[in-house]
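Open the structure in your viewer and keep the selection tool handy. We will walk from stop to stop, picking something to select each time.

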Amino acid sequence: MRIEFRLPSLGADMDSALLTAWLKKPGDPIAHGEPIVTVETAKGLIDVEAYENGRVVDLIVEPGTTVPVGAVLAHLEVEHPSPTAASAPPRPDATPAVAAAQPSEALPPREAFLPSEAGKPPPSTPSATPRPSAGHPRVSPAARRRAQELGLSQDLLEQSAAGAILHVADVEQLAATRAVTGSAAAAAPDPRIAMRAAIGAAMARAKREIPHYYLGQAVDFGAARDWLARYNAGVPVQDRLIEAVLIAKAVALAAARFEGFNGRFSDGRFEPATAVHAGVAIALRGGGLVAPAVLDADRKDLPTLMRDFSALVTRVRAGRMRSGEFAAATITLTSLGADGADVLYPIINPPQVAIVGAGAVREQAVVRDGQLAIRPTLTLALAADHRVTDGRAGSRFLRAIAELLQHPDTL
Amino acid sequence: MPNPVHEPPRAMNDARPPAAAATAPSPMRQSYRDALREALRAALHADPRVFLMGEDVGRYGGSYAVSKGLLEEFGPERIRDTPLAESAFVGAGIGAAIGGLRPIVEIMTVNFSLLALDQIMNNAATYSHMSGGQIHVPLVIRLATGAGRQLGAQHSHSLEGWYAHIPGLRIAVPATIDDARCMLAAALASPDPVLLFEHAALYNLEGERTPGLTAVDIDHAAVRRPGRDLSLITYGGSLPKCLAAAERLAEQGVDVEVIDLRSLRPLDDAAIMDSVRRTRRALVVDEGWRSGSLAAEITTRIVEQAFYDLDAPVARVCTAEVPIPYAKHLEDAALPSPERIVAAVRGVLGRGEAG
């Protein structure tokens, strides 16, 4: 069966991408999970993967072309098209490839989310048109006219309108973002400018839409540090664990146990996720930040997590990301490392509802068993979405992470 | 006569100001009540054809004390107490107007005007049309309207929207001191019947008079407060509530424009659309009930004429769809309030823009 292979949306505020290279040519066989094409977005080069087994029929878009999200890039002949293949991202264990109907938000694999109402049909579109599934995009009449004046395309509006109502202010912001990325692409492409614009747009949206609340928790990191030292002494250098992986595992375990921190907020309600895909904020050389996900972080043991994490960092810093891990995160951890500040107050990465910031581990004077003691101390800060949880729940969640870190051997 | 107010109720008595306050207005500040009285006195002086009639307008001085002192000044020929028979004295007013006089008929509250609805609608509103323009009815009817003073369901409704439905009438609503002082002359100058709705909660309102202002029209809406973010469209007793809401919103960084319609028939479409096109968002505040209301008419006109300028759905704050309750807390809960207006504005702005 012949299907259309479309440009998926790979992150919040992604409108379009530059097709940089085809990894396949007509007639080539393709396998599930195999990269087909490389596109450049504001966040870097991303390999878009196939979702089915089959072969390439024809390639439609020439390398060097900038195409909007949802554009048909190629036609594929596939053996058993998944019912959701043309429109919905795949299961978490697969690597997403074609997500034609997806809006500009970074959509995690749909199956990771439980429908909140029993009997509600799964939110996938059977059609392959680049329209959001919820009927007509909701763009205010004035915003439509402003978009016309600013020369924004209908497609762009519709993608941006998915999940939220687009008002005049949004259209103007969209145009401003595009002007930055557009002019950068036209002249000498400076990915840092586009990256900054993309981060700015996503964070502005977070600050505009998400009522954050913040909680801080000092964690005695002594047990974790001792355990790490013992573990790392017994394994080859390449297998050694780092603190961030321990923290990530604790966050992932707590996220799986406590309701309201793992999932996404869209269409005015929280959709919990069944799997924990831990986004990890990774700083890029030359500036910028991305937060791809380590899939199923709560179910992987520490050595596996460490390998996945290292591979992710290597790929991301080389500017190569996979579409699956890019959009999948259900909660994010951002960590400053040993030379960072004491506390990091993070901003939620929409549409997620929580993010944990980890400062540097410092020797601090603390009261322990009624005595002053010098202990390695980690300060965690949680930013969570007040539309979903309250400080009390956040406090339990954060304290659970602290408690988990007291028993590193159980992580 | 089923008129329930043979003796004006206690609350109405309480509404009458102390004698001293009525006699010594500051030259620049004035109450709404005193401004209305000044307008009546000026009209009676200016034109010998003008006279005032209604229940208790003479010896009692008016249920809301608007005509206090006028009987002494102008005599019983021109300040006429009537029986409690709305249909009769409104009909007499129509006849007098056709006969060449300029009657001002006071109806104690708009609820009682329903007894004269046949006269107002089938006679006053139609004669000009049915006579091919040969017979005009230059009648002015003053009515108290609105709730907020614990006068119970039979004295508290806001039915001006019903009258605004009727072709052949002009409906004007003074909501400021200047309009209270100047609208009557404009109404008397109209060849067609004009209903002037005075919100009962405004009689004690005090404000500045605009020096030198002697005449206003009854055709145009007015911008009472300019703003960028949203148009609050209102009239009459809801105007002070909207201005109070606008003040609170300004503290939250929301800059709303307040439009005082002044005339409910005809509606000043141009002023409404001019404002909505600038702010792109509108909230209509109307003390009438929501269903089939004037607020519904205004909303529809905005959608008809300014749809492509809208950045959000038009919203309304109206009175709860119950007969106005007597109990204070229930009455307050039923009516538009600055709190409800602020909340509705934030709702229209949406997405946390209101801070």
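Start at the end of chain B by selecting residues 351-355, where the pLDDT stays under 50. The model has 11 contacts beyond four places in sequence for this stretch. Remember that you are looking at a predicted model. Where pLDDT is low, the predicted coordinates should not be read in detail.

**Confidence along chain B**

Now colour chain B by pLDDT: its average is 92, and 91% of the residues score at least 70. Select residues 1-25 of chain B next, where the pLDDT is below 50. Beyond near neighbours in sequence, residues 1-25 of chain B have 26 contacts in the model.

**Chain B as a whole**

Switch to a cartoon view of chain B, and you can look for 14 helices and 14 strands. Of the 355 residues in chain B, 52% are buried. If you take the contacts in chain B with a separation of 6 or more, 79% of them are between residues 24 or more positions apart.

**A sheet in chain B**

Select five strands of chain B that form an open sheet with mixed pairing, in the order β9-β11-β10-β13-β14. Which strands stand at the edges? They are β9 (222-225) and β14 (315-319) of chain B; each has a single partner strand, so one side of each is left without a neighbour in the sheet. Turn the view and compare strand directions: on average, neighbouring strands of this sheet are turned by 25 degrees against each other, direction ignored.

Zoom in on β9(B) and strand β11 (residues 256-260) of chain B, which pair in the antiparallel sense over three bridges. To find a pair of bridge partners, pick B:Arg225 and then B:Val258 in β11(B).

**The nonpolar cores**

Time to look inside. The largest nonpolar core has 116 residues, and the members that touch the most others are B:Met183, B:Ala187, B:Leu232, B:Leu283 and B:Val345. Which helix gives the most to this core? Select helix α9 (residues 177-189) of chain B, which contributes eight residues.

Then click on B:Leu232. Leaving aside residues up to four places away in sequence, B:Leu232 touches B:Cys242, B:Ala246, B:Val256, B:Glu257, B:Val258, B:Ile259, B:Leu283 and B:Val285. Another core lies apart from the largest one: it has 88 residues, among them A:Ile30, A:Ala198, A:Val356 and A:Leu398.

**A stop at B:Val137**

Select B:Val137, in the loop between α7 (127-130) and β5 (140-145) of chain B. Is B:Val137 buried or exposed? It counts as buried, because it has 26 C-beta neighbours inside 10 Å, and 20 or more are enough for that label. Not counting residues up to four places away in sequence, B:Val137 touches several residues, including B:Ile94, B:Ala97, B:Tyr127 and B:Pro193. Try the distance tool on B:Val137 and B:Gly93: they are 44 residues apart in sequence, yet 9.1 Å apart in space from C-alpha to C-alpha.

**Over to chain A**

Show chain A, which has nine helices and 20 strands. Of its 411 residues, 47% count as buried. Chain A averages a pLDDT of 78, and 79% of the residues score at least 70. Select residues 83-134 of chain A: the pLDDT stays under 50 there, and the model has 141 contacts beyond four places in sequence for them. Residues 182-188 of chain A also have a pLDDT below 50, with six contacts in the model beyond near neighbours in sequence.

For some strand pairing, select strand β2 (residues 16-22) of chain A. Strand β7 (residues 66-68) of chain A pairs with β2(A) in the antiparallel sense over three bridges, and A:Ser16 has A:Pro68 as its bridge partner in β7(A). Strand β4 (residues 35-41) of chain A also runs antiparallel to β2(A), joined by four bridges. Here, pick A:Ala21 and its bridge partner in β4(A), A:Thr38.

**Where the chains meet**

Finally, show both chains together. Nine residues of chain B are in contact with 10 residues of chain A. The side of chain B that touches chain A has four nonpolar, one polar and four charged residues. For the complex, the predictor gives an ipTM of 0.71 and a pTM of 0.54.

Conventions
Residues numbered from 1 in each chain as written. Chains lettered and ligands numbered in written order. Predicted model: local features only at pLDDT ≥ 70, side-chain atom pairs only at ≥ 80, totals over all residues. Contact = placed C-beta atoms within 7 Å. Nonpolar A, V, L, I, M, F, W, Y, C, P; charged D, E, K, R; others polar. Core = buried A, V, L, I, M, F, W, Y, C linked by C-beta atoms within 7 Å. Buried ≥ 20, exposed ≤ 12 C-beta atoms within 10 Å, placed from the backbone. Helix = DSSP H or I, 4+ residues; strand = E, 2+ residues; numbered from the N terminus. Pairing = 2+ DSSP bridges. Axes fitted to C-alpha atoms, helices over the stretch in contact; angles between N-to-C directions. pLDDT = per-residue confidence, 0-100.
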